[in-house]
Amino acid sequence: MSGGLDLLAGGALGAWAVRSASPALVRQVVCIDQALVALAADAGHTVFAGDPHDAAFAPAGAALSVGFPLILRPALIMRYDGAIWNLHPGLLPYGRGTCPAFWALWEDTPAGATLHELTAGVHAGAIVEQREVAVLASDTGGDLRERVQAAEHELFMRWLPRLAAGVRPPATAQLPGGTQHVLAEFEFLRDEGRYEVPRADRERLQRCLTFPPASVSSPPPA
């Protein structure tokens, strides 16, 4: 099997990662979004366009997930024999699940980015490295997410060459506690929040919900 790792990519952050990663470090980009498939091919990557749970998928010796939209099943995780990591836009154990930047701002909990071992539990794997990001009272959701993404970029560029070279970094088990939210909770506050939260909190909720549109085809930030 050739060198490099599998880059499991999705969303705007995955698109940035595909643009930023040298094809020499990536055995194949794994993605399901057709715009991202085209972007990866244009960047010179070998692409597996589909579900990595399919029998046709042949994994590399290691993998890094960046915004990949599918939950990986235990059988696929086991095929990497522990050499699979995830880049998450939350300061674990805070921000497990979806929309961690929103929840950090709304709940006044820590924010940041985490590289962690990917396990069957939702963002439950041991932590390799983190970058904490300040949560400011004046932030919109978009403001905070932009700084969190900058922290993710730092971790990605720092660790991609090492993981692709076969390094298995030490990791520390997550502390107990933290927070976890599912998408339905975010959608409820987004769609019904103006009716459900106290009137005094409605303006703050709107500020926490203010995000710019994200697109796979958007150019990377300067």
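Predicted model: local features only at pLDDT ≥ 70, side-chain atom pairs only at ≥ 80, totals over all residues.
**Ground rules.** Local features need pLDDT of at least 70, side-chain atom pairs count only at pLDDT 80 or more, and totals for chains, interfaces and linings use all residues. Residues are numbered from 1 along each chain as its sequence is written, and side-chain values use heavy atoms, with hydrogens and water left out.

**Entry 1: salt bridges.** I looked for a side-chain nitrogen of Lys or Arg within 4 Å of a carboxyl oxygen of Asp or Glu. The structure holds seven such salt bridges.

I took Arg27 and Asp6 to begin with; their side chains meet at 3.9 Å, N to O. Arg27 sits in strand β2 (residues 26-31) and Asp6 in strand β1 (residues 5-9), so the pair ties together parts 21 residues apart in sequence. Strands here are DSSP runs of E, at least two residues, and helices are runs of H or I, at least four, numbered from the N terminus. I then checked accessibility: buried is under 20% relative accessible area, exposed over 50%, partly exposed in between (1.4 Å probe, protein chains only). Arg27 is partly exposed at 21%. Asp6 is buried at 0%.

Next came Arg147 and Asp139, with closest N and O atoms 2.6 Å apart. Arg147 is partly exposed at 28%, while Asp139 is buried at 2%.

Arg131 bridges to Glu129 at 2.5 Å between the closest N and O atoms. I found Arg131 partly exposed at 24% and Glu129 buried at 15%.

**Entry 2: Gln174.** I found Gln174 in the loop between α5 (141-164) and β9 (180-181). Gln174 is buried, at 14% relative accessibility. I listed its contacts (heavy atoms within 4.5 Å). Leaving aside neighbours within four places in sequence, they are Leu92, Pro93, Arg96, His123, Ala124, Gly125 and Ile127. The Gln174 side chain also reaches the backbone oxygen of His123 at 2.8 Å.

**Entry 3: the cavity.** I searched on a 1 Å grid over the protein atoms alone for points where a 1.4 Å probe fits but cannot get out; lining residues have an atom within 4 Å of a point. Points are joined across faces, edges and corners, and the volume is the space filled by probe spheres set on them. One cavity of 30 Å³ or more turned up. The largest cavity has a volume of about 60 Å³. Of its 14 lining residues, Tyr94, Gly95, Pro100, Ala104 and Pro110 lie nearest the centre. Helix α4 (residues 100-107) gives the most to the lining, with five residues.

Methods: Polar contact = N/O pair within 3.5 Å; in protein donor to acceptor, adjacent residues only side chain to side chain. 1 Å grid on protein atoms, 1.4 Å probe; cavity = no way out; pocket = protein on both sides within 12 Å on 5 of 7 lines; lining within 4 Å.
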